[in-house]
Amino acid sequence: MATKTPPRKAPVKKSSKKKPTSFKTKCLRFLFKAIVLFVVVSLFLVVFFKFVPVPFTPLMAIRAIEHQKANKEAVCSHDWEPLENISIHLQKAVIASEDGTFLTHNGFDFGAMQKAYKNNERGRKIKGGSTISQQTAKNVFLWQGRSYLRKGLEAYFTVLIEAIWGKKRIMEVYLNSIEMGDGVYGAQAAAAHWYRKDAANLTPRQAAGIAAILPNPRRFTATSSSSYINNRKTKIMRVMQTVGKINY
């Protein structure tokens, strides 16, 4: 008896339509692209400013806006000078006042950070634990503030400039970009503003005077100073003697 062959089933055609991309996947892709773009741009800027003077900083723009809102004249005195044209006394003064381990640390002074954290918990007012490298990273690339995002980005840029710039370039950018008076930025502008001379000709006492006001350069004055600032000048000059020869 012959057996009947069962009819073949027509093959099921696979749909050529792709499944729609989920919202989560789209967000992850966007985030990945944004991170890659940020890394590329940040690396470019750090390498670029290793060789090119920093023309302006976010803080300069913020101060200009603040002056405009307060109906004040928007003053921005900023003259870039190579480190060789900035008094060695000022270099020692900022190390003595702002970052005693600048020449040896890798961008972070964890001992100072821990001390600042403990004292802030107790409600004491002391200077923060930020190094010169961290302050430079913040001033050149970031905005002012105390958010975790900004601190995280500050750490990121600090690692980059330590690795790519080195200590000499960090000090050069720092001394040419930080606020040293109301609308006064950098060593050359500060020397002219406070002492009517070039940054190369600052005496140890004058250098200590500029370094003494850095915690709040819009409130304090390097000349005709208060007793508090005069005491800071004396202390900074004493510490300057222990800095020794600077080898970048």
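## Architecture, core and salt bridges of a predicted helical model

Along the sequence, the protein runs α-α-β-α-α-α-α-α-β-β-α-α-α, a total of 10 helices and three strands. Helices (H or I, at least four residues) and strands (E, at least two) are DSSP runs, numbered from the N terminus. The model is predicted: local features need pLDDT of at least 70, side-chain atom pairs count only at pLDDT 80 or more, and totals for chains, interfaces and linings use all residues. Residues are numbered from 1 along each chain as its sequence is written, and side-chain values use heavy atoms, with hydrogens and water left out.

Of the 248 residues in the protein, 40% are buried; buried means under 20% relative accessible area, exposed over 50%, and partly exposed in between (1.4 Å probe, protein chains only). The protein exposes about 15800 Å², of which carbon and sulfur atoms supply 59%. These areas come from the Shrake-Rupley method with a 1.4 Å probe, and for residues only the protein chains shown count as cover.

**Core.** The largest nonpolar core has 51 residues, and L90, V94, F141, M171 and L175 have the most contacts inside it. At least two residues of this core come from each of α1, α3 (88-98), α5 (132-141), α6 (148-164), α7 (167-177), α8 (187-195), α9 (204-212) and α10 (227-243). The most is given by α8, with six residues. Such a core is a set of buried Ala, Val, Leu, Ile, Met, Phe, Trp, Tyr and Cys residues joined through side-chain atoms within 4.5 Å.

Helix α3 is mostly covered, with eight of its 11 residues buried; among them are Q91, S97 and E98. The cover over its buried residues includes α5, α7, α8, α9 and α10. Leaving aside neighbours within four places in sequence, M171 is in contact (heavy atoms within 4.5 Å) with residues including Q91, V94 and I95. In helix α5, V140 counts as buried at 8% relative accessibility.

UniProt, in an unreviewed entry, lists residues 27-49 as "transmembrane region"; its positions are given in the numbering used here, feature names are shortened, and annotations may be inferred rather than shown by experiment. Over residues 27-49 the chain is 100% helix and 0% strand, with the end C-alpha atoms 33 Å apart. L31, I35, F38, V39 and L43 form a nonpolar surface patch with about 390 Å² of accessible area together. F38 lies in helix α1 (residues 23-51) and is partly exposed, with a relative accessible area of 35%. Patches are made of residues with over 30% relative accessible area and no salt bridge, like charges being joined within 9 Å and nonpolar side chains (Val, Leu, Ile, Met, Phe, Trp, Tyr) within 5 Å.

**Salt bridges.** A salt bridge is a side-chain nitrogen of Lys or Arg within 4 Å of a carboxyl oxygen of Asp or Glu. By this rule the count comes to eight salt bridges, including those below.

| Salt bridge | N to O distance |
|---|---|
| R218 and E66 | 3.4 Å |
| R150 and E154 | 2.8 Å |
| K151 and E154 | 3.2 Å |

R150 and E154 both lie in helix α6, four residues apart, and both are buried. K151 and E154 are three residues apart in α6. K151 is partly exposed, with a relative accessible area of 35%, whereas E154 is buried at 2% relative accessibility. Salt bridges that share partners join R63, E66, E179 and R218 into one network.
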